[in-house]
Amino acid sequence: MFIVSVVLLAIICILALATALPGILPWSFLPVSYLEFPLAQLIAFRVPLFLGICVVAILLLLFLRFVGILRKLVSVVALGILGVTAFIHGYPIWERGLNQASDFTLPVTSQTVNGINMLTYNTLGGATTMEDILPVVLENEVQVISLIETTSADAKYLAAMLAEHGQEFQVFHNQVAPTEPHFYSTALLVAKELGEYQILNHDLNALDTSVVVEPVQKHGSGRFASLTLPQLAVVHPIAPMPQYMPYWTQETKQVYQACAQAQNFIMLGDFNSTIDHQLAHDGQCADAASEAGAGAIGTWPVAAPKLLGTPIDRVLHDGNYWEGVKARVIEVGESDHRGLLVQLQSRTPQNG
């Protein structure tokens, strides 16, 4: 019985360490990266992983009261390993944050606006309807709207409803045949008062679900005149289902490579990946929700509480021209995703 308990504890500790420090253990049967199955799937749910390790550690601590000295020694070693592992998982959760903003009033400097409000929402083919999205945009003064798994017809319908409320938006979408499944469809709406935009020929366009645009003029218009306008990209790489892992790895790599290719660049959408996958790809983009203190809040699936979900709906930027100052995860309609509201504030470029 003692040997069985030691082996069981050893397996638990090995698996826990493998999730926290992939590649640290020498055995070839263990994944060595957060880009490999099943670590790619597990690390996406870092909060539940952290909580699960904590529960095991607490149970082990209670177990210590009822065992002999040898078992206690083994259990203390295991407890130490689990404690270190829990810290490795827990620190990024604390650093990325679980806070939510409520007021998205734009900052004003010398009578001009010094920020942009953005919304990204995977509507699951219209399960979250444009009528659901409309009040979110109006109440939070949103200038940039990313709609994943949303047809061009729905995006144009939203723009038409916004126009009835005095808000004019440009509509961009990827070129998808009407017969294609809705999950290939991606739309981007940009407020005309921000400035005029046009389609940009970019490496990300190799992904069928991406939309990339650039400003026609360098600076914004009207109350946004003080802003140096960014390139905008909406992305939606494939989900990391076991049978599609090579495609997922390639598509997420291509998405995060964009971080190194552009200055004054904002990328938003359903990334089907988290900060941990981004770091595994050496992607250097800044995560706006984490800067705003909400980067650990889950956006998928809706069936799980926000704290137990995975934050795959994101807003990233080059880290030079912008800073995420407010963020909130929202839930409207019947999509399996939650949406993410982010306010980015302009700052003086650190380089160039």
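Reader: Which residues lie nearest the centre of the largest cavity?

Author: This is a predicted model, and its largest cavity has a volume of about 110 Å³. Its lining takes in 13 residues. Nearest the centre you'll find Ala-44, Arg-46, Arg-96, Ala-296 and Pro-311.

Reader: And which helix gives the largest share of the lining of the largest cavity?

Author: Two elements give two or more residues to that lining: helix H3 (46-63) and helix H4 (69-96). The largest share is 3 residues. The helix that supplies this share is H4.

Reader: How many cavities of 30 Å³ or more does the structure hold?

Author: Here's the general idea: rolling a probe the size of a water molecule over the atoms shows where empty space is left. For cavities of 30 Å³ or more, the count in this structure is 2.

Reader: What about the largest pocket: which residues lie nearest its centre?

Author: About 720 Å³ of space lies in the largest pocket, and 32 residues line it. Helix H2 (39-43) and H7 each supply at least two of the lining residues, with the largest share, 3 residues, coming from H7. Nearest the centre of the pocket are Pro-237, Ile-238, Ala-239, Met-241 and Asn-272.

Reader: What does the twist average from one strand to the next?

Author: Picture stepping across the open sheet of 6 strands, from S5 at one end of the order to S13 at the other. From one strand to the next, the twist averages 15°.

Reader: How many bridges join S13 to S14?

Author: In general, strands of a sheet pair through backbone hydrogen bonds, either parallel or antiparallel. S13 and strand S14 (residues 339-346) run antiparallel. As one example of who faces whom, Ile-330 stands opposite Gly-339 in S14. The number of bridges joining S13 to S14 is 8.

Reader: Which strands does helix H5 lie across?

Author: H5 covers residues 130-139, and it runs at about 160° to S3. As for H5, the strands it lies across are S3 (115-122), S4 (144-148), S5, S13 and S14.

Reader: Which residues of H5 are buried?

Author: In general, an α-helix has 3.6 residues a turn, so residues three or four places apart point the same way. What covers the buried residues of H5 includes S3, S4, H6, S5, S13 and S14. The buried residues themselves are Met-130, Ile-133, Leu-134, Val-136 and Val-137.

Reader: There's S8 as well. How many of its 5 residues are buried?

Author: S8 spans residues 211-215. Strand S7 (residues 197-199) runs antiparallel to it, joined by 3 bridges, and S8 also pairs in the antiparallel sense with strand S9 (residues 231-235) over 3 bridges. S8 is mostly covered, and its number of buried residues is 4.

Reader: Which residue in S8 is the bridge partner of Ile-199?

Author: S7 and S8 are joined by 3 bridges. The bridge partner of Ile-199 is Val-213.

Reader: Now the cysteines. Why is the disulfide of Cys-259 and Cys-285 left-handed?

Author: A disulfide joins Cys-259 to Cys-285, with an S to S distance of 2.0 Å. The pair links distant parts of the chain, 26 residues apart, and both Cys-259 and Cys-285 are buried. The disulfide is left-handed because the torsion about the S-S bond is about -115°.

Reader: How far is Cys-13 from the nearest cysteine sulfur?

Author: Cys-13 is buried, with a relative accessible area of 6%, and it is in no disulfide. The nearest cysteine sulfur is that of Cys-54, a residue that counts as partly exposed at 23% relative accessibility. A disulfide needs the sulfur atoms within 2.5 Å, whereas the sulfur of Cys-54 is away from Cys-13 by 14 Å.

Key
Residues are numbered from 1 along each chain as its sequence is written. This is a predicted model: local features need pLDDT of at least 70, side-chain atom pairs count only at pLDDT 80 or more; totals for chains, interfaces and linings use all residues. Side-chain values use heavy atoms; hydrogens and water are left out. Two strands pair if DSSP finds at least two bridges between them. Axes are lines fitted to C-alpha atoms, for helices over the stretch in contact, and angles run from 0 to 180 degrees between N-to-C directions. Contact means heavy atoms within 4.5 Å. Buried means under 20% relative accessible area, exposed over 50%, partly exposed in between (1.4 Å probe, protein chains only). On a 1 Å grid over the protein atoms alone, a cavity is a set of points where a 1.4 Å probe fits but cannot get out, and a pocket is an open set with protein on both sides within 12 Å along at least five of seven lines; lining residues have an atom within 4 Å of a point. Grid points are joined across faces, edges and corners, and a volume is the space filled by probe spheres set on the points.
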